[in-house]
Amino acid sequence: MASSGEEPRSGSPGRAGTGTEPAPTVDAAQLDTAEDFEVLEEEEEEEEEDLSELPPLEDVGRPPALLRRDAQPSERGGGDAAEDPQEWLDVLGSGLLKKKTLVPGQGVDTRPRKGQDVTIRLKATLEDGSVVEENPALTFTLGDCDVLQALDLCVQLLEMGETALIVSDAKYCYGAQGRSPDVPPNAALTLEVELLAARDAPDLELLSGKEKVELANRKRERGNFFYQQADYVLAINSYDIALKVIGSSSKVDFSPDEEAELLDVKVKCLNNLAASQLKLDHYEAALKSCNLVLEHQPGNIKALFRKGKVLAQQGEYREAIPILKAALKLEPSNK
């Protein structure tokens with residue numbers, strides 16, 4: 001997977017928020033030592049954030065059938081399989097994401113499917129030619145938003161062995177915030193990609209407890225990355241995937257310690273899911289997430305605080321006050 005730490009490394013491909021104004025990032029100090037978000041101090045916001053430019057859901061994983069080409073199709077036969085290597089494909093029809101084949105692949109029937117684990121060779125450069133990332137074997141789950149959205153959208157169009165050039169607007173890369181220190185804000189990227197392998201993802205039912213914890217944590221960390229980028233839609237998507245991994249049935253027996261680890265990851269995902277839902281004013285969903293945390297941990301300070309906030313914002317002050325008082329009693333020094 002693309003990320004492996006709680007605070008994503010600068011080399012991890014990802015996508016940023018795309019608001020008209022640079023969205024405030026959540027700095028590293030707001031991630032507590034339990035690898036969960038400490039967002040209590042940012043809850044009092046003077047004005048609502050502009051979410052009008054969050055990535056449109058229809059852009060995520062748009063079916064190839066909706067794609068169109070800039071140039072006229074090649075006159076040589078063979079349909080898509082005989083695509084002219086010099087022809088640019090306007091992936092979304094907006095001119096913001098284009099793909100051109102440099103080295104043809106092994107045919108359209110070798111294209112990877114969403115949900116498969118794919119491995120690519122990647123080289124990313126800025127418009128001035130500066131190389132900002134090189135990875136000889138980047139592996140990720142196609143369609144799970146584990147990487148740059150430009151990659152998630154375009155790799156599904158590559159044939160096995162194909163090398164392609166992808167030119168992407170900042171919207172599908174690191175957005176208005178960029179990536180410190182090497183990718184400036186609003187920077188377009190050119191990606192050279194070669195599809196090396198594609199295989200079905202592991203059967204969740206057959207994963208060991210340790211493997212399931214590691215997979216869920218990778219998805220959760222990806223959600224944390226998007227949250228830090230103020231891209232709450234994709235953060236929710238990643239947390240949902242992590243929760244599906246945790247909640248999947250298993251044919252393997254887990255030890256008590258592994259069960260405890262899975263519960264810990266679940267609680268973290270639900271807490272961060274609630275935080276993301278609150279950012280989008282999805283109050284009922286956030287309330288549900290908080291209640292799920294409190295079912296497992298009745299004294300969870302973050303879940304209590306967020307539940308109290310949701311109820312207060314819904315005008316349910318009589319219910320909110322005792323919940324917030326309970327949170328205050330648990331941590332009287334927490335501002």
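# Briefing: burial, salt bridges and helices

Lys268 has a relative accessibility of 10%, so Lys268 counts as buried, the cut-off being under 20%. The structure is a predicted model. The protein has seven helices and seven strands, and 50% of its 335 residues count as buried.

**Overall layout**

- Read from the N terminus, the elements run β-β-β-β-β-α-β-β-α-α-α-α-α-α.
- Among contacts with a separation of 6 or more, 69% are between residues 24 or more positions apart.

**Salt bridges**

- The whole structure contains ten salt bridges, including those described here.
- Lys99 and Glu162 are joined by a salt bridge between their side chains, with N and O 2.9 Å apart. This pair links distant parts of the chain, 63 residues apart: Lys99 belongs to strand β3 (residues 97-103), while Glu162 sits in the loop between α1 and β6 (163-168). Both Lys99 and Glu162 are buried.
- Arg121 and Glu192 form a salt bridge whose closest N and O atoms are 3.2 Å apart. Here too distant parts of the chain are linked: Glu192 is in strand β7 (residues 189-200) and Arg121 in strand β4 (residues 116-125), 71 residues apart. Glu192 has a relative accessible area of 26% and is therefore partly exposed. Arg121, at 24%, is partly exposed as well.
- Asp264 and Lys268 meet through their side chains in a salt bridge of 3.1 Å, N to O. An α-helix has 3.6 residues a turn, so residues three or four places apart point the same way. While Lys268 is buried, Asp264 has a relative accessibility of 35% and so counts as partly exposed.
- Shared partners join Arg121, Glu192 and Glu194 into one network of salt bridges.

**A buried charge without a salt bridge**

- Asp152 is found in helix α1, which covers residues 149-154.
- Although buried, Asp152 has no salt bridge. The nearest side chain of opposite charge is that of Arg222, 7.9 Å away, whereas a salt bridge needs the atoms to be within 4 Å.
- Apart from neighbours within four places in sequence, the contacts of Asp152 include Phe140, Leu142, Asp144 and Asp146. Thr141, Gly143, Cys145 and Val147 are also in contact with Asp152.

**Helix α4**

- α4 has 24 residues, and its first and last C-alpha atoms are 35 Å apart, close to the 34 Å expected at 1.5 Å a residue.
- Asp281, which follows α4, has a positive phi, near 60°.

**Helix α5**

- Helix α5 takes in residues 283-296, 14 residues in number. At 1.5 Å a residue α5 should span 20 Å, and the 20 Å between its end C-alpha atoms agrees with this.
- The buried residues of α5 are Ala286, Leu287, Ser289, Cys290, Val293 and Leu294. Viewed down the helix axis, the buried residues fall within an arc of 160°, so they line one face of α5.
- Exposed residues Glu284, Lys288 and Glu295 are carried on the face of α5 turned away from its buried side.
- The cover over the buried residues of α5 includes α4 (256-279) and α6 (301-313).

Terms used:
Residues numbered from 1 in each chain as written. Predicted model: local features only at pLDDT ≥ 70, side-chain atom pairs only at ≥ 80, totals over all residues. Heavy atoms only, no water. Helix = DSSP H or I, 4+ residues; strand = E, 2+ residues; numbered from the N terminus. Expected span 1.5 Å × (residues − 1). Buried < 20%, exposed > 50% of the residue type's maximum accessible area, 1.4 Å probe, protein only. Arc of directions from axis to C-beta. Contact = heavy atoms within 4.5 Å. Lys, Arg positive; Asp, Glu negative; His and termini not counted.
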